[in-house]
Amino acid sequence: MEKKFNLTRRDFLKWTSVAAGATAASGIDTEVFAETAKGAKAATEGEWIPVACWADCGSKGFNKVYVVDGVITQGGTDDTIPDSPENPQLRACAKGRAQRQRILGADRLKYPMIRKNWAPGGGKKELRGRDEWVRISWDKALEILASEVKRISGKYGNTAIYSPTPATASVYTEVARTLSLAGGFVSDWGPCSSGAWTDTGRSIGLPMSRLGTGEDINDYNDFMNSDLVVLWSYNPAWSKSGIPMYKLLKVKNAGKKFICVDPFFNTSASTLGVKPEDWYPCRPGTDHALVLGMMHTLLTEDDPKKNPLVRWDYLDKYTIGFDKDHMPAGADPKDNLKDYILGTYDKEPKTAEWAAKICGIHPDKIKQLAREIAKTKNVGILMASSAARINNADSYPQAIMTFGFMTGHIGTTGNCVGSDGGHGWLVEGKQLVTGGTWIGRPTNFPDVAPVPNPIAHIRVNRMEIWDAILNKKYTAGKGNMQDINLQMIYLTKVERIGQTPGAVKAIQAFRAVEFVVCQDLYLNSSCKFADLVLPVTSLWERVGNMAPGYKDSLLWTSKAMEPLFEARDDVWIAKELARKMGFDTTRVQPYPMEQDMFNQVAKARVWDDAKNDYVPLVSITQSYINKMGVNGQPQSGKIGIEEFKQKGIYHYTRKKGDQHNHVVMEDFIKDPEKNRLPSESGKIRDLL
């Protein structure tokens with residue numbers, strides 16, 4: 001039935017904002033919409049509201065928007081502190097400034113919808129991706145979802161439900177908690193991109209960061225102590241614009257040399273003054289071969305007296321498995337890395353010539369790169385996760401870290417080999433100012449008891465998920481194939497068809513299972529092949545969020561607009577699904593989100609040099625607690641809670657030469673016995 005509605009002035013302004021976002025994104029002249037915004041501002045004075053930028057981004061810029069009569073009219077960024085080299089403003093990048101067009105974009109999901117030819121069990125599954133959509137109510141959508149979870153788990157068991165939540169291993173995410181109450185679900189793990197560092201790093205002994213990943217780099221200020229900086233598949237001008245590029249420009253202006261290893265002579269290379277002869281155009285996905293060719297060069301050209309290229313003292317003291325004399329107990333001596341590189345047993349030396357056929361770089365240049373890094377005293381090798389963004393990339397981090405130990409460029413000032421993966425809050429050491437959600441565990445629910453997933457031990461390799469669905473087998477470990485029968489795909493703010501290899505096979509897998517549900521902001525590729533889609537709100541439409549910027553800043557963002565159309569937040573969906581299934585909704589979220597936001601702010605901490613410990617960041621009065629209607633206790637801190645909310649950002653003041661410089665594995669290099677790594681040997685495990 002067609003629905004009629006009245007268009008108020010407020011609705012009109014919102015719709016023109018939506019149209020402005022859509023037309024701006026497509027390059028259409030938006031003068032008419034600018035005039036609309038101008039008229040709105042004249043009618044009512046507005047206010048600046050700090051708003052979230054998407055969390056999984058290395059730029060970590062700070063956004064704020066000007067809101068007039070409920071309408072977002074313009075954007076802004078950090079102006080809360082004077083800009084200086086030691087304490088730069090956390091400015092929004094171009095992508096961050098474009099969030100308004102994204103949130104108000106034409107492809108936003110508006111209503112819950114079901115596929116026209118869906119029926120319990122799948123209906124006409126072959127029509128997924130080209131079927132018509134039917135708008136339904138939230139009540140009907142949740143009834144269908146609850147019924148399908150019960151039906152599928154009852155028929156096949158909970159191992160038939162696949163739900164890769166944004167924080168896969170966490171028991172604190174919203175829908176994951178509800179599904180855990182329902183008996184559990186199968187998740188996945190990724191041996192590529194950052195996932196290659198997460199799992200490889202843990203297995204070879206890399207120190208784990210706050211989120212359990214082996215990605216880490218020296219403090220950006222420490223690269224001033226490097227003589228050479230290698231941008232290895234690293235293009236921060238595009239992927240981390242803001243503070244990272246600003247700090248690297250300081251390094252360039254100090255006269256330090258840059259080298260680029262990348263398929264493209266990218267923007268960062270050009271900006272940082274890389275000369276054409278210092279560009280090494282490695283074919284995508286072949287970085288591992290390049291590293292092996294470089295290691296072969298060092299091994300065959302090394303002469304400890306006349307031409308020292310290999311730091312044998314590093315390899316002997318800090319690693320295990322590099323040669324036959326340093327193998328772990330019970331291992332076959334023939335499996336050592338050195339003999340593999342030299343081709344001692346497989347008769348295939350990993351020479352520069354061998355590597356050149358794979359990576360496309362001339363053998364002479366491969367040798368040149370290896371020699372220059374080995375002979376330079378202080379070298380920082382900066383990587384993004386892109387070099388590991390291929391199938392079976394988990395051995396690449398092992399190879400590049402081994403190369404770092406071969407050359408001795410790890411654990412001392414000016415020396416670093418590491419990936420920051422684009423996650424700005426993971427790297428550079430201790431978080432100097434931190435919210436309650438980031439003390440101890442990464443969750444938006446610091447006070448909610450965990451709901452363990454009963455089948456958390458079953459995780460499918462993301463690179464083989466489509467084969468697992470179609471062939472009903474998955475790799476549970478080395479040489480260990482297990483049966484699995486996945487019949488439901490539940491994606492929550494996760495895009496799998498467009499971001500996992502094998503799109504054609506992915507579509508086949510989507511059409512093979514009995515039920516597919518996606519909840520997201522946009523009608524992305526996965527949503528198009530779903531049975532049921534649920535529209536969720538953006539962070540601009542929610543109570544608020546707290547997240548670290550870099551290690552010296554904390555962001556508190558707030559609600560800037562009412563939810564568009566019929567979008568609902570993920571907590572509401574998870575609680576209503578739990579209610580439909582007969583579970584206690586307080587296990588999902590026991591209190592209002594306003595209370596949750598207050599709890600996060602109240603638990604925020606800042607490092608105090610004098611006390612050598614964290615102290616409360618925010619001052620809170622009883623009158624504020626009464627005004628907000630939340631439960632809490634007054635406290636004293638560095639900044640008043642209302643001032644913090646209005647600014648939306650707190651900066652920890654850094655000083656040149658302060659005690660907060662971070663060098664990856666510095667303690668381990670100084671005393672490997674006292675600061676053993678989390679591997680069996682306490683050392684870096686080089687065995688491939």
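The structure holds 14 aromatic pairs. Rings of Phe, Tyr and Trp (for Trp, its six-membered ring) pair if their centres lie within 6.5 Å; planes under 30 degrees apart count as stacked, over 60 as edge-to-face, and the rest as tilted. One of these pairs is Tyr314 with Tyr318, which is edge-to-face, at 5.0 Å centre to centre and 70° between the planes.

Before I go on, this is a predicted model: local features need pLDDT of at least 70, side-chain atom pairs count only at pLDDT 80 or more, and totals for chains, interfaces and linings use all residues. Residues are numbered from 1 along each chain as its sequence is written, and side-chain values use heavy atoms, with hydrogens and water left out.

Back to the tyrosines. Where do Tyr314 and Tyr318 lie? Both are in helix α12 (residues 312-318), four residues apart, which is about one turn of the helix. Helices (H or I, at least four residues) and strands (E, at least two) are DSSP runs, numbered from the N terminus. Are Tyr314 and Tyr318 buried or exposed? Tyr314 is buried, with a relative accessible area of 6%, and Tyr318 is buried too, at 5%. Buried means under 20% relative accessible area, exposed means over 50%, and partly exposed is in between (1.4 Å probe, protein chains only). Ring pairs also link Tyr314 and Tyr318 with Phe405 and Phe668 into a cluster.

Rings can also have a charge over them. The cut-off is that NZ of Lys or CZ of Arg is within 6 Å of the ring centre and within 35 degrees of the ring normal. The charged end of Arg135 sits over the ring of Tyr111, 3.6 Å from its centre. The charged end of Lys365 sits over the ring of Tyr280, 4.4 Å from its centre.

Next, the salt bridges. A salt bridge is a side-chain nitrogen of Lys or Arg within 4 Å of a carboxyl oxygen of Asp or Glu. How many does the structure hold? There are 34 salt bridges.

Take Arg654 and Asp219, which form a salt bridge with the closest N and O atoms 3.4 Å apart. This pair links distant parts of the chain, 435 residues apart: Arg654 is in the loop between β27 (649-651) and α24 (666-670), and Asp219 is in the loop between α7 (194-204) and β8 (228-232). Arg654 and Asp219 are both buried.

Another salt bridge joins the side chains of Arg371 and Glu301, at 2.8 Å from N to O. Arg371 lies in helix α15 (residues 363-375) and Glu301 in helix α11 (residues 287-301), so the pair ties together parts that are 70 residues apart in sequence. Arg371 is partly exposed, with a relative accessible area of 30%, and Glu301 is partly exposed at 25%.

In a further salt bridge, the side chains of Asp608 and Lys638 meet at 3.7 Å, N to O. Asp608 is in strand β23 (residues 605-608) and Lys638 is in the loop between α22 (622-628) and β26 (639-640), 30 residues apart. Asp608 is buried, with a relative accessible area of 13%, whereas Lys638 counts as partly exposed at 49%. Elsewhere, salt bridges that share partners join Arg115, Arg128, Asp131 and Asp531 into one network.

Asp608 brings us to strand pairing. Two strands pair if DSSP finds at least two bridges between them. β23 pairs with strand β24 (residues 613-616) in the antiparallel sense, over four bridges. The bridge partner of Asp608 in β24 is Asp613. β23 and β24 form a hairpin with four residues between them, and Asn612 in the turn has a positive phi of about 55°.

There is also an open sheet of five strands, in the order β10-β9-β8-β12-β13, with parallel pairing. Which strands stand at the edges? They are β10 (279-280) and β13 (416-419); each has a single partner strand, so one side of each is left without a neighbour in the sheet. Within the sheet, five bridges join β8 to strand β9 (residues 257-261), and these run parallel. Val230 stands opposite Ile259 in β9.

Last, the chain as a whole. The chain has 24 helices and 28 strands. Buried residues make up 55% of its 688 residues. Contact means heavy atoms within 4.5 Å. Of the contacts with a separation of 6 or more, 70% are between residues 24 or more positions apart.
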